[in-house]
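Here is a short report for a reader meeting this structure for the first time. Take a look at the model, then read on.

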Amino acid sequence: MRDIMSELFKWDQDIFLQNLFISLDTNTLRRCCEVSELWREFINRRVWGCERLRSGLIVRLWTDFHPVQHELVVRGSVTSIACDDQIMVCGYTNGTCEVFNEETGECIDTFDDNEEGIHYTSSKLTVG
């Protein structure tokens, strides 16, 4: 037996499916794109691709967006900042950089451009 969503796609229930997907919050809608190629294609084509729905989705993207803010105490002139979901790296004009815990803001480590395994250019730092 096939699941109900597959049947709805098979029966071309576009309006119902559009209303179903548009009723989801934007994070859930994004995760629905990962369920299957069929879901991703439908969401991209019939939800995001629908001019009438797209403007409302864009507004919801901004209202659902909750930026994370951290205050860091830095020790020099900053040239660059990079981060992921675990660490933040802050580069300074003197050739050093500090690695901070993303959650706590605590300085984990400091690197100097003279250390072995540290290579950088004006726009990229490679560790290791």
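A nonpolar core is a set of buried Ala, Val, Leu, Ile, Met, Phe, Trp, Tyr and Cys residues joined through side-chain atoms within 4.5 Å. Buried here means under 20% relative accessible area. The model is predicted.

**The chain**

The protein chain has 5 helices and 6 strands. Starting at the N terminus, the order is α-α-α-α-α-β-β-β-β-β-β. Of its 128 residues, 27% are buried. The chain exposes about 9300 Å², and carbon and sulfur atoms supply 53% of that area. Among contacts with a separation of 6 or more, 25% join residues 24 or more positions apart.

**The core**

The largest nonpolar core holds 16 residues. M5, F9, L17, F21, I43 and V47 have the most contacts inside it.

Helix 4 gives the most to the core, with 4 residues.

Which residues of helix 4 are buried? They are W39, F42, I43 and V47. These residues cover an arc of only 100° around the axis, so they lie on the same side of helix 4. The buried residues of helix 4 pack against helix 1, helix 2, helix 3 and helix 5.

L17 is in contact with M5, L8, F9 and F42, leaving aside its neighbours within four places in sequence.

How values were computed:
Residues numbered from 1 in each chain as written. Predicted model: local features only at pLDDT ≥ 70, side-chain atom pairs only at ≥ 80, totals over all residues. Heavy atoms only, no water. Buried < 20%, exposed > 50% of the residue type's maximum accessible area, 1.4 Å probe, protein only. Helix = DSSP H or I, 4+ residues; strand = E, 2+ residues; numbered from the N terminus. Contact = heavy atoms within 4.5 Å. Arc of directions from axis to C-beta. Areas by Shrake-Rupley, 256 points an atom, 1.4 Å probe, with all protein chains shown as cover.
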